Structures are given as structure tokens and as C-alpha cells.
Amino acid sequence: MLQVERLEVDAGEVLVILGPNGAGKSSLIKCLLGLARANAGEARVLGRAVRPSSGASLRNLRRRVGYVPQVLAAHSETPLTVREVAAIGRTGRAGLFRPLNAADWAIVDDWLGRLGLGSLADAPYAGLSGGEQRKTLIAKAMVQQPELLLLDEPTANLDLYWREQIVALLERLYAETGATIVLVCHELEAIPPCCRRLLVLSDGRPVADGAPETVLDRRMIDALYGSRLKLLADGRRYAAVPAGEEGA
Amino acid sequence: MDLLFWLPVICCGALAGASTGLLGAYIVGMRIPFLGICVSHAALAGAVFGGLFGLAGPWLLLPALAGAVIAALLLGMLDPESTRVDSNVLMGILFSLTLGLAFLGLGVYDIRGISKNDILNLLWGNLNFCRWSDFYLMVTAAVLEIIVIAAFYKELRAILFSRVHAAAAGVPVSLVWTAFLILTSVVLTVNFQTVGGLMIYSLLTNPAVAAFLLVKGYGRALALSAVFGLLSGLGGFLLAKATDLPTGAMIVILSSLIVALAWAISASRSRAGR
């Protein structure tokens, strides 16, 4: 069960929520979007209470928040192109009974181009690699022109090349937009250099909150991953690597 | 062939194919093929209880529609995210419940000695018996289908991809999803009672599968699925008349052949692309 007494994220801040599987990271993100209901307490996003709120006000709030879920919604039956998937981000903002106009599609095409997906715009989404699909979902979130970006393990199930591509992309997005970013991950390697605050969750409770260089130490790595791993830090990038004989 | 006599049959076959093929693009894309079976048995339960309350003949369509729409509303209210149960499982539960209710009602028919022919005719119609009155009913359902799809075109595109993604982007998923389920229940119930269940089940999946194999893009997939449905309905009827074989079976076989052909084209394209 997720139990967070108080957590505030400032505008323009990049918060990474780190923790092992089952720590409650994804549940926290879903509570912020109203996709999961908290048993008690209050979640406020962009100054507004997520619950209780009417369907319309919750939808208005969600339109201001870009969300990249952990699970890729791709199966061979999906007939949508990359451009159409990215356009889902404009769908809520456009409102009912109004088709997406030229300005909406220009925003979609702009973000596809900025994320290096321009040449794949008319390609079937289901035929993309996992990394390209994840990029498309980030484009979908960005075309909402979000004030807050919520990313739930955006590097999950990706190889090292694509993990680094996504980390570099997040770094660039933050530099270009200055958006508030809340990123959930369970690997140290997925923490982008722009992250200046790290929250560690364990069994649903925060166990550390602060700058990555102060939070991440040997004791924390032991607590999170066991004594067989040790911390490597290079500038603002971190990794957990096998400790060798002395750490075993 | 007496064209004047068979013309309403030809029109009904073509329209059933096109309207069901169009709907099938969403049903296959959302991976909910069980919806057709769920809706048809809810309509059966509605018709059975309508008959017990004294309705007969074409009037049984009204309780059948009510049963299908109630099932659609229940499915709309049961959100897989909050219930933590997959949509297809929810449909399976609802299907068994409505089937149980239908058998319960049919048991009462036996006790009271009431004929069940009207009920069975309503749910398992035959294309060869379609008249212009059936065609007008199907046109009404098809117009409703076009209005709903046009009104929620972009929202349905988002939901087709993922209901979670659509909801997270601020799309009114509950409203659009419920509207889609009601539309499905109306279109399928009307088509079941005119052209028959076997044909509808095949038209609900085969044209969409073939379309998805050949084209990518939402609008193109919808259009091609409707065209394949129309070709199956029309071509199946003409083949049946030419060979003097059963119409429903020929439509099902033709739509299956279209899938096989689409698969062969798709496979040869993949090989050429390597």
C-alpha cells in the first residue's frame, strides 16, 4: 500500500521517483492522474485537487498533464500510424465534436520532427521497435503542450542504445521546455542529468528525498538492490554495477 | 433470378456487410470480438422476456434492443481499470448471465406452452427472407452508426489505441465508450434479426482483419473494412445464387477467403521488403 505523508514538487523541477518493483511508484503516478483512487488524503496537481472532481474538471486537468505509461499499448491489430498515435495527445484538448485542425496537426508534426520521428510519421505504429514506440508515446504526451510531464518507467524493456536515447531525449526536452517532470524508474542508469531531486520509495513509503548525490550512497544501494551491487557515479549519471568479491 | 424479388435481399446483404464491417474495425482493433456474442444473447434474453409480457412478431425487436442496450450500459459502467477485470472477461460474465436469463424465460415458455418460433426467428434471421421493411430498419441503424462514428471520430481513434492513453489525454472515455457499446448493440441486434447470426459474426471480424493486413491508418482501415464487408455480403449472395448453395455459408466462406488473400498479399509484401 502506498503511504506518502506529504510530497510537493515545484514548478520546473525534475523529480525522479526510484524504487524496486512493487514500491508503489506507478500507483503514485496514477493517483496524480486520477487513474487510481487514493483511500485517504488529497492529491493536488497544478494547484487543483485530483479527487474528488467531476468528470469534466478531471479531464481538463489531464489535458494539462502529459503521461507516458509503462506498458506499451501495441498489438498487431492496431491500425494506427505513428502520426495518428501522437495525435491522441491533441484529442482531449480539441474537445468533443471538433476535428483536429491544421494547427493541431502542425503541432503533432513539429513534435514528431523534434523527436526524430518525422520519417516514420506514416509508418504503422505496431511495426516500430520498442524504443521508437516509446518515443512516439513521448511525442503523444508532448503534443499536449503539458505543464507537467509524468513518465512511468520510459526505459522499461529497452536495450542500452534506446535507454540512452530516451535519457538524452528527456534531458533535451527539459532544456527546451522547462516543464515540470516526474519520472518513475527502478534503474539508476535511467536517471537523467537534469534530475536534481530524487525520491526513493520502498514498500510504499518514502525512505529518502533529496539531491541524487546525497541520497545515493552505499547504504541506499544495499537497501534497494542488495550488497552484491555498488554505486558508480560519473558527473550526474549513476549506475549500479556488480560489486565483485569484496562486496559479496 | 427474379431481380425485383431478390433486390431487397441483395441490398440487405450489402448493407449488413458494410455496416458490420465498419463496426468490426473497432471491435477487432480493440480486441473485443466477444462483444458480438455478448450483445446477441442479451438481445435474446430481452426478446424472451418481451414475449412473456405478451409482445409478438416484429414488436419483439423492442425488448431485444432493450436487452442489448442494458448489457451495453452495464459494460460501459464496469471499468476494467477499477474492477481489475479484462473487458473480454466482463463480457463473458455478462454473456453467461444473459444466456441463463434467456433459458430461464424459455423454460417458462415451455411451462405455459407458448411457441418460441418468434423468438428464434428474431435472433437468427435469414438473409433470403429480407424484405424492404427490413432494409429500411437496417438503413436506420446504419445512419445511426455513421452519425455516432462521425461525431466521435477522433475520440474513437484514441480509444481504439488504448482506453488508458485516451483517458490520460483528457478524452471523455466513459461517454464515448458507452455510446459505442450502445451503437454496437443496436446495429448488431437489427442485423441479427434480419440476416442471421452466423453471417454477422463473420462480418464482424473477417473484413476488419483483412483490412488491417493490407492498409495502415485509421480512416483507410475503416473504409476498407466496410468495403470488404460489403463485398462479402454482396458477393456471397451472388455466389450462392449462382451455385444454389446456402447464402449465409457462402458469405462466411467468401469473407474468410478475403482474409486468406489479404494474408497472402501481406506476407508477399513482407518477403519483398526484406
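In the predicted model, helix 2 of chain B packs on helix 5 of chain B through contacts (C-beta atoms, placed from the backbone, within 7 Å) that include F34(B), I37(B), L44(B) and F49(B) of helix 2 and M91(B), F95(B), L99(B) and V108(B) of helix 5. Helices (H or I, at least four residues) and strands (E, at least two) are DSSP runs numbered from the N terminus. By class, this contact has 18 nonpolar, five polar and no charged residues; Ala, Val, Leu, Ile, Met, Phe, Trp, Tyr, Cys and Pro count as nonpolar, Asp, Glu, Lys and Arg as charged, and the others, Gly among them, as polar. The axes of helix 2 (residues 34-52) and helix 5 (residues 87-112) of chain B come within 8 Å and cross at roughly 25°, the axes being lines fitted to C-alpha atoms over the stretch in contact and the angles running from 0 to 180 degrees between N-to-C directions. Helix 2 of chain B is therefore roughly parallel to helix 5 of chain B (angles under 35 degrees).

Between the chains, 26 residues of chain B are in contact with 30 residues of chain A. Helices 1, 8, 9 and 12 of chain B each supply at least two residues of the side that touches chain A, and helix 8 of chain B gives the most, with six residues. This side of chain B divides into 15 nonpolar, five polar and six charged residues.

Residues are numbered from 1 along each chain as its sequence is written, and chains are lettered from A and ligands numbered from 1 in written order. Local features need pLDDT of at least 70 and side-chain atom pairs count only at pLDDT 80 or more, whereas totals for chains, interfaces and linings use all residues.

Methods. Contact = placed C-beta atoms within 7 Å. Parallel < 35°, antiparallel > 145°, perpendicular 65-115°, else oblique.
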